[in-house]
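Look at the model below, then read on.

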Amino acid sequence: MTAPATETTQQTTQQTTVRQQVLVLYLASSALDARVVGWSTYDGTGQTHPTTGDSDVPPYATGLDALKDGWRLFQAAQLLPPYPGHEYDTSFLKHEFFFEKLVTV
């Protein structure tokens, strides 16, 4: 026998939320297999709270290592030649790569 139409059935659904984690790697050159010289991490899940200078060891040795670990590359710095006469000036780290992971929480 089936339940009457007026009876409601409760279903428990587990809702999952996808959050983004971002990894910024500064490499020694524009090649993804170049060594990491600087980095920043951001956790959109709120489960960790990384800060600048919280580690002396980079999370990966190269950008390629981050790819192998499942990070998705979504932005690389545009390669711009130095202005003539300024080839040896110091400035920002120019080989910047942005990676992301989508994490279910």
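In what order do the elements of the protein chain run from the N terminus on? They run β-β-α-β-β. That gives one helix and four strands. Helices (H or I, at least four residues) and strands (E, at least two) are DSSP runs, numbered from the N terminus.

The model is predicted, so local features need pLDDT of at least 70 and side-chain atom pairs count only at pLDDT 80 or more, while totals for chains, interfaces and linings use all residues. Residues are numbered from 1 along each chain as its sequence is written, and side-chain values use heavy atoms, with hydrogens and water left out.

**Chain totals**

The protein chain has 105 residues, and 20% of them are buried. Buried means under 20% relative accessible area, exposed means over 50%, and partly exposed lies in between (1.4 Å probe, protein chains only). The accessible surface comes to about 8,300 Å². Carbon and sulfur atoms hold 51% of that surface. Areas come from the Shrake-Rupley method with a 1.4 Å probe; for residues, only the protein chains shown count as cover.

**Salt bridges**

Side chains of opposite charge can pair when their charged atoms come close. The rule here asks for a side-chain nitrogen of Lys or Arg within 4 Å of a carboxyl oxygen of Asp or Glu. The count comes to two salt bridges.

| Pair | N to O distance |
|---|---|
| Asp69 and Lys101 | 3.8 Å |
| Glu100 and Arg72 | 2.4 Å |

Take Glu100 and Arg72, which meet in a salt bridge. This pair links distant parts of the chain: Glu100 is in strand β4 and Arg72 in strand β3, 28 residues apart. Glu100 counts as buried, at 11% relative accessibility. Arg72 is partly exposed at 45%.

Now take Asp69 and Lys101, also joined by a salt bridge. Asp69 lies in the loop between α1 (63-68) and β3, and Lys101 in strand β4 (residues 96-104), so the pair ties together parts 32 residues apart in sequence. Asp69 is partly exposed, with a relative accessible area of 40%. Lys101 is partly exposed too, at 22%.

**Surface patch**

Which residues make the nonpolar surface patch of about 200 Å²? They are Leu64, Leu67 and Leu73. Patches are made of residues with over 30% relative accessible area and no salt bridge; like charges are joined within 9 Å, nonpolar side chains (Val, Leu, Ile, Met, Phe, Trp, Tyr) within 5 Å. Leu73 is found in strand β3 (residues 72-76). Its relative accessible area is 34%, which is partly exposed.
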